[in-house]
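Hello,

Please find the structure we spoke about below. My notes on its pocket and nonpolar cores follow.

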Amino acid sequence: MEEQIQKKPKILCLHGFRTSGQILKTQVLRWPETVLQKLDLVFIDGQFPAQGKSDVEGIFGPPYYEWFQSNEDFTEYRNFEQCLTYIEDYMLQNGPFDGVLGFSQGAFLAAALPGMQEQGVALQKINKIRFLILISGAMFGGMKYGTPKLASNAFSKPIHCPSLHIIGEKDFLKPESIILQEAFVDPVVIHHPKGHTIPRLDEKSLGTILDFIDTIQGMLSDDHSKN
C-alpha cells in the first residue's frame, strides 16, 4: 500500500549556459535507472537562443539556448525578469511541479527561486518549490557574481528548502558552489572527482541521492495525506 501512495516528484530541469534541454536530458539520463524511475523529469529550453559561441560545440549539436544575459564580468544582467516570467508560465501550464533541478546557469537560477518566491517578487502564481537539485551551481552575489535586481534579497536569510548540491572537485565553480551550499539549511552534498559536468554516480553518491529522493517522497506523501 505504501508504494501506491508514494508520489513521484515532478521536477523542472534547467540546462546550462548555451546548451539545451535535450543536452541536459542526455547527460542526466546516464544516471542509474534506480534513480530515474523515482523521478518525473521535465526538460525545457531557455527562452533565448544563444547569443554567442557555445562551449559544447563539437560535443553536442545545436540548437543552444540561454536563460538570461550578463556583461563579461557577470556583474550586470539582462532579461532576468523575462526569464522568470517564462519559467512561471511554463510551470503554470505544465505543472504542478514539486522541485527544480539546475546545472550551471540553470543552477544559478534554480537556487534563487525559493528565496524570491518567499519574498513575493517571483513565481507567485505557482505552488511553493519544495526542493532543489543543484549541479555545479553558484549564488548570485557570491565571490565574484553580481545580483539581478529581483534576486537582490534571495539569499538574505538561510533558505529553508531541501537541497541536494553536486560539486566537482575540479570544477572552476567549486568555491562558488560551497558558498551556495552554505546558504541553505541542512544541505545534502555529493562531491565527485570531475570538473564542470553532470557526473555519473558512484555507489556512495547513488546512496546519497536515493536517500534524498526518499526524504522528498516522504515529505510529498505527508502533504498529500494532509490535503
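The lining of the largest pocket has 14 nonpolar, 13 polar and 9 charged residues; Ala, Val, Leu, Ile, Met, Phe, Trp, Tyr, Cys and Pro count as nonpolar, Asp, Glu, Lys and Arg as charged, and the others, Gly among them, as polar. This is a predicted model, where local features need pLDDT of at least 70 and side-chain atom pairs pLDDT 80 or more, while totals for chains, interfaces and linings use all residues. Residues are numbered from 1 along each chain as its sequence is written, and side-chain values use heavy atoms, without hydrogens and water.

The volume of the largest pocket is about 880 Å³, taken as the space filled by probe spheres set on the grid points, which are joined across faces, edges and corners. A pocket here is an open set of points on a 1 Å grid over the protein atoms alone where a 1.4 Å probe fits, with protein on both sides within 12 Å along at least five of seven lines; lining residues have an atom within 4 Å of a point. Of its 36 lining residues, F17, D55, S104, F172 and H196 are the closest to the centre.

In the largest nonpolar core, 41 residues in total, L14, L109, M116, F155 and F184 touch the most other members. Such a core joins buried Ala, Val, Leu, Ile, Met, Phe, Trp, Tyr and Cys residues through side-chain atoms within 4.5 Å, buried being under 20% relative accessible area with a 1.4 Å probe, protein chains only. A second, separate core of 28 residues includes L101, L210, I216 and M219.

Regards

Terms used
Buried < 20%, exposed > 50% of the residue type's maximum accessible area, 1.4 Å probe, protein only.
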